[in-house]
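Thank you all for making time this morning.

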Amino acid sequence: MSKIVIYTALFTDNIEEVFGTLPEYDIDNIDFICFTNTPHLKSKTWDVRLVDIEGNGRLTARKYKMLPHLYLTEYDGWVWMDNSCLFRYDPLDLYNFYMDGYDICLHEHCDRINIQQEADILISRGHDAEIISKQIKGYYSEGYQDQGLYETGILMRRNNSKVIQFNERWWNEINTKSVRDQLSFSYIKWLCKDVKINGIKETFVAHNHQLGKKQSEHFFTVPRQKTRLI
C-alpha cells in the first residue's frame, strides 16, 4: 500500500490571521501536513509545521507546492490541496483510483484550453504583463506545442525520479518567471514527455465554468476568506 500525504501551505503577512482555512477531517489512514509561518494556526487534523517565509509568502508556498521531494521525502506519493479545495471521499482511495498507471494527476481547466488564453486573461486582470508576455513568447519560440491547460489546486504526484525532475523544472520556471504555475505546467509537460499525466475531465470549481464540464463527485471548493487566529 502506498504511503501518501495530503499537504498544503498557508503563509500570511499578518501572523494573527490567514487568508483561507484548514478543513477538519475524521480520517486516520493518511497524514495531513500544513506549512505555515504563523504559530497561531492550530488543527486537530493537520500536522502544522512552522517554517520561515523565503522572499514572499506566495513564492514560498509555490516552493513547498512544487518540491515535496525535498520536504516530504518519506512518502510514496503527494497530494497537494489548495486550502480552498476539499474532497468528499477517502483520499487514499481517490489517490489509488486516479493514479493507477500515472505519475501525475490533476484536473483539466474548466474555462480555458491553452496557455495563451490563460496569459491573456491574467494580463487583462493586471498580472505581470511584461513577465507573462515574455514567458509565453519564449515557450512558443522554442517550438512548444499546446498541451492543454490544467487546474493545479488539486495535484497528485508519485515520488519517482521522473516526477522529481518534473518538479525541479517546474520550480525553476516559477522561480525565474511568472509565479502563475498553470502557465508553466503545460510547458513542463511538453518537456517531460515520459511523465504520464492523468487529466481529469470534470471540474471541482464552484463558479459557472465556461467549458461545460461535469461537476466532480469527489472534489469541491469553497470561497476563500480571512480567518482570525487569535
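Predicted model: local features only at pLDDT ≥ 70, side-chain atom pairs only at ≥ 80, totals over all residues.

Which strands does helix H6 lie across, and at about what angle does it run to E8? Helix H6, residues 161-176, lies across E5, strand E7 (104-108), strand E8 (150-158) and E9, and it runs at about 145° to E8. Residues are numbered from 1 along each chain as its sequence is written, and side-chain values use heavy atoms, with hydrogens and water left out.

A word on terms: helices (H or I, at least four residues) and strands (E, at least two) are DSSP runs numbered from the N terminus, and contact means heavy atoms within 4.5 Å. Axes are lines fitted to C-alpha atoms, for helices over the stretch in contact, and angles run from 0 to 180 degrees between N-to-C directions.

Let me turn to the sheet itself. It is an open sheet of seven strands in the order E4-E3-E1-E5-E8-E7-E9, with mixed pairing, where two strands pair if DSSP finds at least two bridges between them. Strand E4 (47-50) and strand E9 (197-200) stand at the edges with a single partner strand each, so one side of each is left without a neighbour in the sheet. From one strand to the next, the twist averages 25°.

Strand E3, residues 31-36, is mostly covered, with five of its six residues buried, that is, under 20% relative accessible area, whereas exposed is over 50% and partly exposed lies in between (1.4 Å probe, protein chains only). E3 runs parallel to E1, to which six bridges join it, and there Phe 32 in E3 stands opposite Ile 6. Ile 6 also has a bridge partner in E5, namely Val 79, and strands E1 (residues 4-10) and E5 (residues 77-81) pair in the parallel sense over four bridges.

Finally, the helices. Helix H7 (residues 181-191) lies across E7, E8 and E9, at about 50° to E8. Helix H4 (residues 115-124) packs with helix H5 (residues 129-141) at an angle of about 170°, their axes being 10 Å apart. That makes H4 roughly antiparallel to H5, since angles over 145 degrees count as roughly antiparallel, under 35 as roughly parallel, 65 to 115 as roughly perpendicular and the rest as oblique.

H4 meets H7 as well: their axes come within 9 Å and cross at roughly 165°, and the two are therefore roughly antiparallel to each other. On the H4 side of this contact we find Ile 115, Glu 118, Ala 119 and Leu 122, which meet Gln 182, Leu 183 and Ser 186 in H7.
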